Amino acid sequence: MKRSSLIRDLQGAIGRRWVLHAPEDLLVYEYDATIDRGLPEAVVLPDDAEGVASAVCIASNHGVPVTARGAGTGLSGGAIPCEGGVVIVTTRMNRILELDPENRIAVVEPGVINLDISRSTAPYGLYYAPDPSSQKACSIGGNVAENAGGPHCLRYGTTTNHVLGLEIVTADGVVVWLGGKTADTPGYDLTGVVVGSEGTLAIVTKVIVRLLHKPEATVTLLAIFDTVTQASRVVSSIIGKGMVPAALEMMDKNTMDAVEPFVHAGYPPDAGAVLLIEVEGLKEDAQEQADAVASICRELEAREIRIGLSQEDRDRLWAGRKGALGALGRLAPSYYILDGVIPRTRLPTVLDGVYEACDRFGFRVANVFHAGDGNLHPNVMFDERVQGATKKVLDLGEEIMRLCVDAGGSITGEHGVGYEKRNYMSWIFSPDDLEVMSRLKAAFGASEIFNPGKVFPTSKGCGEVSSRMRAAIARVGADAFV
Amino acid sequence: MIAQATILDDLSAIVGGEHAYPADESQRFVVDGMTPRAVVEPGSYEEVAGVMRYASEQGLAAIPLGGGTKRHIGNLPSRYDLALSLSHIHQIIEHEPADLTVTCQAGISVAELDRRLRVHGQRVPFDVSHGQQASVGGVLAANTNGPSRPAYGALRDFTIGIRMVTGDGRITRAGGKVVKNVAGFDLCKLYIGSLGTLGVIVEATFKVMPVARLERSVLLSLDTPGGACALSAELHRRGLALSHVQLSGRGDATGYSWLLETRLAGSEGAVERSENEVVGLAPGSHAQPAGSDVSSTDRFSGEHFDDSSLLCRFSTLPSRLAAFIGAVQRLESPDILAEPATGILRVSWHEIDGATVLERARQIAASHSATAVVERCPPELKQHIDVFGDPPPAFQLMRSVKQQFDPKGILSPGRFVGRL
């Protein structure tokens with residue numbers, strides 16, 4: 001009867017209507033954009049920080065874990081419930097509480113959709129810079145948890161560079177502010193460590209974000225190359241010359257083949273790679289950078305360069321990139337989205353290694369990624385229904401992660417560690433490094449309650465889930481993002 | 001208590017005889033009037049770890065020091081046994097220009113790192129005074145930023161990895177060497193600004209940026225801080241090629257003179273247009289392109305504050321900055337250096353009654369929703385105040401972080417917020 005008393009307590013605190021516990025209701029919340037599943041005991045939808053705090057206290061009293069969930073678009077299992085735990089869903093906390101154009105800040109609740117911030121601030125000529133590809137769907141709370149990135153993070157940085165303060169609920173149910181609206185606040189930068197902590201330290205209930213002025217001019221260039229190696233050299237050359245465009249994205253042949261029938265972008269059928277480069281700033285600067293980029297592309301034998309100045313033209317150049325993942329979903333029943341980072345000078349050699357490994361394992365791979373900051377996203381196509389295929393694709397993923405780490409890189413650039421990669425943490429961090437991270441978790445008193453088993457290996461995780469290797473295998477279809 | 005001679009012998013065994021010695025009267029290692037019992041200068045990360053293990057075993061309080069330019073920041077140390085000098089750990093470990101990243105040791109000076117990177121047309125956008133002396137590790141520990149923050153980011157934005165030796169002598173790493181990385185907790189953020197209270201920063205990796213092809217300054221004399229702030233807001237709204245906007249003011253009860261320095265950086269076309277717009281927006285003001293004689297006494301920088309008897313750093317909302325300046329300027333006519341775009345200002349008083357002025361300054365700060373930190377004041381005053389003011393809302397969490405990282409209380413004890 002432990003279960004019913006948990007539900008009763010939650011209903012008493014949050015209201016019957018906002019506590020889900022029927023099996024058919026829970027099913028909706030057992031997954032995110034990965035293939036992982038975990039059936040929670042209860043799902044609650046509080047309306048404010050006090051409601052979140054009550055739910056945390058009740059879960060804590062009942063000794064069950066808590067997982068926070070925004071829109072569920074994550075690619076590392078951050079919102080996958082722990083079996084038998086409580087899921088706190090932030091979708092009702094979706095208000096923009098304050099908009100202060102003069103100081104270029106906004107205070108928002110965690111359930112606010114990323115793109116809605118920029119939509120609301122557009123009349124003031126302001127926008128919120130981090131733009132994960134799922135920005136029409138993903139919530140700012142989830143962005144904070146995962147330190148979400150996106151194409152334009154090359155120039156503007158990821159979520160952590162745009163969050164000034166957080167209201168959080170701690171493991172003991174206390175509501176407290178970290179950071180604030182002013183540029184400097186005394187004390188340790190706890191905002192900076194909660195961002196990207198993947199729901200393991202605290203639950204975020206308010207976010208102060210920084211807004212940027214929209215640039216005066218933006219120029220988008222699309223350059224087509226015969227080979228990935230050529231395109232990689234262009235990336236290295238642009239960065240090596242000290243230019244940091246707003247975005248610098250690459251798609252390979254397999255991606256173009258998938259995209260072309262749907263988007264009709266006009267990619268030549270025999271092209272090997274395409275680069276999408278965006279530069280912005282004052283019109284004088286944007287023009288000069290665009291000229292410099294175009295001349296590098298020409299020098300390194302781009303077969304075609306298209307330039308977009310108007311919003312409409314630029315949208316057309318971006319269409320192929322934005323539709324890439326959806327299109328890839330049509331080529332294979334499943335695909336496995338990898339997320340690794342390498343130093344930018346290593347792009348050509350590591351990409352060769354990725355293709356070689358995929359050939360050896362017998363899988364098709366489509367690379368569509370943030371080339372400018374060395375953030376690879378190989379998408380490995382496979383068929384889950386084939387006996388042994390999932391295991392094989394995970395082995396391949398591990399090998400590709402090894403390539404990234406051996407090149408001096410990291411196991412994740414923007415998707416997070418979650419369940420999938422916690423076993424790789426020891427490739428880049430020593431036991432001492434990990435021990436120091438655990439001190440932070442202990443300081444937040446969050447060791448057992450928030451998202452146990454994620455990011456770090458633990459014996460007291462989500463039972464069955466923690467005993468298995470898990471993979472971020474995206475669902476097929478247009479709702480997948482990278 | 002362990003004898004000083006024993007400490008020196010034991011430290012010599014770790015770092016070699018000539019690198020452990022008693023502090024002399026040269027003031028180099030004095031912190032708020034306190035002289036350490038020993039100075040130790042490790043030459044490697046392993047030696048730093050060895051020193052910290054020893055300090056931990058013996059319960060000796062250590063304060064890590066680089067160039068010592070920011071020793072005046074922080075509360076009075078509750079104890080000070082060892083000055084842990086990082087000045088012998090000062091190499092560039094790795095710089096791959098085409099990756100736009102650099103890894104260097106904590107003891108290298110900001111100026112030396114800058115010099116070495118400029119050979120490749122690159123720089124880390126540090127924005128500090130005393131760059132010849134200030135060490136990279138010290139800048140990180142004190143979280144020193146300047147008016148170029150809106151253009152190039154703060155330390156927390158361009159620092160991508162930190163190697164830190166813990167209080168119990170483990171060499172640990174946070175972050176990495178790639179520009180985008182979300183693996184594990186971002187402890188770099190925690191260490192930046194921790195003022196030596198969580199560990200000893202021994203190495204850091206930064207994003208580097210190209211040196212601007214063209215940089216020019218325009219100095220504008222303005223009548224009021226309000227006019228300067230409004231002008232600055234308009235310049236930012238237009239997205240002009242600004243790398244630095246700083247307002248300096250000095251005067252007395254009869255009047256103040258205000259100088260807005262805007263630095264412009266970028267392509268020739270962008271800088272030229274920006275300069276025209278800056279000048280056009282401030283009719284009647286006196287624009288002086290960089291290179292002309294601007295050594296006027298009206299202009300001053302952070303170095304000017306070295307002999308302050310009370311130096312405070314306030315952070316308010318940009319929209320409230322002008323009103324804040326108006327209020328604080330009536331308080332014994334201090335020198336004021338402000339960043340209109342961030343709402344940060346540093347205010348320096350000379351020859352005043354520190355306690356009284358500070359109390360009133362804090363009242364002004366509170367009524368303008370500003371945070372207030374005393375950056376410099378005599379040790380006698382520090383005995384009676386917390387230089388960081390009232391503990392922040394998350395103080396309980398901060399205390400618990402300090403306890404986890406420094407259970408023995410040997411890392412710069414007493415110096416941080418709430419005397420942690």
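1. A residue is called buried when its relative accessible area is under 20%. By that criterion B:C104, at 0% relative accessibility, is buried. The structure under review is a predicted model, and the points below should be read accordingly.

2. Cysteines. A disulfide is a covalent bond between the sulfur atoms of two cysteines. For B:C104, the closest cysteine sulfur belongs to B:C188 and lies 13 Å away, which is too far for a bond; the cut-off for a disulfide is 2.5 Å between the sulfur atoms. In chain A, A:C297 counts as buried because its relative accessibility is 1%.

3. The hairpin in chain B. Strand 5 (residues 92–96) and strand 6 (residues 101–105) of chain B run antiparallel and are joined by four bridges. One of the pairings sets B:H95 against B:V102 in strand 6 of chain B. These two strands of chain B form a hairpin with four residues between them. In the turn, B:L100 has a positive phi of about 55 degrees.

4. The open sheet in chain B. Strands of a sheet pair through backbone hydrogen bonds, either parallel or antiparallel. Four strands of chain B make an open sheet in the order 1-2-4-3, and the pairing is mixed. Strand 1 (20–21) and strand 3 (62–65) of chain B stand at the edges; each has a single partner strand, so one side of each is left without a neighbour in the sheet. The partner of strand 3 of chain B is strand 4 (residues 82–85) of chain B, with parallel pairing over four bridges. Within strand 4 of chain B, B:L82 stands opposite B:A62.

5. The interface between the chains. Contact between chain B and chain A involves 71 residues of chain B and 77 residues of chain A. The area buried between the two chains is about 6000 Å², and carbon and sulfur atoms give 59% of this area. On the side of chain B, the residues that lose the most area to chain A are B:K180, B:V182 and B:F185, together 16% of what that side buries. Between chain B and chain A the count is eleven salt bridges. The side chains of A:D184 and B:R313 form a salt bridge, with an N to O distance of 3.3 Å.

6. Domains of chain A. The domain assignment divides chain A into domain 1 (2–91), domain 2 (96–213), domain 3 (217–326) and domain 4 (332–415). The C-alpha centres of domain 2 and domain 4 of chain A are 30 Å apart. Eight residues of domain 2 of chain A contact six residues of domain 4 of chain A. Between domain 2 and domain 4 of chain A the buried area is about 460 Å², with 50% from carbon and sulfur atoms. How many salt bridges does the rule find across the interface of domain 2 and domain 4 of chain A? The rule finds zero salt bridges there.

7. A:E24. This residue is placed in helix 2 (residues 23–26) of chain A. A:E24 is exposed because its relative accessible area is 54%. A:E24 and A:K392 are 368 residues apart along the chain, and their C-alpha atoms are separated by 33 Å.

Definitions and conventions
Residues are numbered from 1 along each chain as its sequence is written. Chains are lettered from A and ligands numbered from 1 in the order in which they are written. This is a predicted model: local features need pLDDT of at least 70, side-chain atom pairs count only at pLDDT 80 or more; totals for chains, interfaces and linings use all residues. Side-chain values use heavy atoms; hydrogens and water are left out. Buried means under 20% relative accessible area, exposed over 50%, partly exposed in between (1.4 Å probe, protein chains only). Two strands pair if DSSP finds at least two bridges between them. Domain bounds come from an automatic or database domain assignment. Contact means heavy atoms within 4.5 Å. Buried area is the accessible area (1.4 Å probe) that two parts lose on being put together, summed over both. A salt bridge is a side-chain nitrogen of Lys or Arg within 4 Å of a carboxyl oxygen of Asp or Glu.
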